[in-house]
Amino acid sequence: MTDSLPLLLRAARGESVERPPVWMMRQAGRYMKIYRDLRDRYPSFRERSENPDLSYEISMQPFHAFEPDGVILFSDILTPLPGMGIDFDIVESKGPLINEPIRNIHQVNALNALNPKESLPFVGEVLTRLRKSVGNKATVLGFVGAPWTLAAYVVEGKSSKNYAVIKAMAFKEPELLHKLLDHFAISIANYLKYQIDSGAQVVQMFDSWAGQLSPIDYEKFAAPYQKKVVELLKSSHPDTPIILYISGSAGVLERMGQTGVDIVSLDWTVDMAEGCSRLPDNIGIQGNVDPGLLFGSPEVIKGRIIDTVLKAKGRKHILNLGHGILPGTPEENARVFFETGKNVNELISKA
Ligand code: CP3
């Protein structure tokens, strides 16, 4: 079986597979001691994610520790911004900071079209190396932030609680925001093409903060640009499966299924069986396990994974958390998650 395609890729394409593949959002990061040690030596997030040797090494840390079925590029959704003329930093305990937030039409008109080969060569290099290293033992995942979520960062200038600045723009100067969202959609589609050409086999689009929108506004400011990214990408790369993730998505699940993506990644506020019943059969399902569960006991973690897998049975399913693994999660509980996923058939037949 060593020469067949990796499990996660086959599952994402809709082939019937022996078990659901398993990976974790944010699987490389602060909950791992080996990552924290490396971070002590290289305190700059930009350096860790833009130096190809470091980004490659960090991407591989969870693979060496747990052999998940997916290996995701270590990077950030903000990484392509400097290539468009927007500088940023990620500051410990504050999160992302945009040096000059985008607030007017002159700034939007001045943005560069992203040329990923030129401004993000390290991403291509890392993806190519990851693909060579993992071979068919795992699937290499690329990712981007969706236009609405990128706009939320560059307009607000930082992580936000209530999104007042971008909502003021949406409800006072919608043409300005639409221009920014359109710019991001085109650039992000080109960035995904570059990631796939460099080695990514499945890609995930994070519209993490689209759940902050009323459904009527999701249809104006988030969905059309998710669709534009998908259409542009599918026009040249029709065979690469696309996953869409939104935090707080229970009110827009059906709409997520209409964006053209192949797989919808659920948070944990919806029951897996109900989430499945609200999406057409051809749309795959990912996620749904509460990241907070990994602070629980191994028995409870195993029980919940079995419940999740049984509820998703009969459809394209990728086992994952409902958002990124939390800092402070015991590493041995991350291991329980991966191991339970890999042995889920045996565990179900014994239960
Ligand atoms: O999944 C992976 O292992 C790949 C790595 C990855 C990171 N960011 C690394 C990172 C991915 C896929 C992201 C995506 C990302 N970045 C999203 C979408 C996913 C989501 O969580 O909704 C968002 C919204 C961002 C923006 C961002 N970057 C935030 C909110 C933060 C956290 C700030 C903090 O300190 O808690 C970051 C920083 C960041 N990106 C870290 C990591 C591991 C933590 C900083 C560090 O390790 O020093």
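**The second largest pocket and its setting**

Mentor: Five nonpolar, six polar and six charged residues make up the lining of the second largest pocket. (Ala, Val, Leu, Ile, Met, Phe, Trp, Tyr, Cys and Pro count as nonpolar, Asp, Glu, Lys and Arg as charged, the others, Gly among them, as polar.) The volume of this second largest pocket is about 340 Å³. Its lining counts 17 residues, and Val-17, Gly-314, Arg-315, Lys-316 and His-317 are the closest to its centre. (A pocket is an open set of points on a 1 Å grid over the protein atoms alone, where a 1.4 Å probe fits, with protein on both sides within 12 Å along at least five of seven lines; lining residues have an atom within 4 Å of a point.)

The model is predicted: local features need pLDDT of at least 70, side-chain atom pairs count only at pLDDT 80 or more, and totals for chains, interfaces and linings use all residues. Residues are numbered from 1 along each chain as its sequence is written, and side-chain values use heavy atoms, without hydrogens and water.

Now the largest pocket. Its volume is about 1,200 Å³. The largest pocket has 44 lining residues. Arg-26, Arg-30, Asp-76, Pro-96 and Tyr-153 lie nearest its centre. Its lining is 25 nonpolar, 11 polar and eight charged residues. At least two lining residues come from each of α2, α3 (45–50), β2 (88–91), β3 (95–98) and α8 (147–156). (Helices, H or I of at least four residues, and strands, E of at least two, are DSSP runs numbered from the N terminus.)

Follow α2 away from that lining. The axes of α2 (residues 33–41) and α4 (residues 52–66) come within 10 Å and cross at roughly 160°. (Angles run from 0 to 180 degrees between N-to-C directions of lines fitted to C-alpha atoms over the stretch in contact.) The two helices, α2 and α4, are therefore roughly antiparallel, a label for angles over 145 degrees. On the α2 side, Ile-34, Tyr-35 and Leu-38 meet Leu-54, Glu-57, Ile-58 and Gln-61 of α4. (Contact means heavy atoms within 4.5 Å.) That α2–α4 contact has five nonpolar residues, one polar and one charged.

One more helix pair. The axes of α14 (residues 298–311) and α15 (residues 331–342) also come within 10 Å, crossing at roughly 35°. Here Pro-298, Ile-301, Lys-302 and Ile-305 of α14 meet Asn-333, Val-336, Phe-337 and Thr-340 of α15. By class, the α14–α15 contact holds five nonpolar, two polar and one charged residues.

Note on methods:
Angles under 35 degrees count as roughly parallel, over 145 as roughly antiparallel, 65 to 115 as roughly perpendicular and the rest as oblique. Grid points are joined across faces, edges and corners, and a volume is the space filled by probe spheres set on the points.
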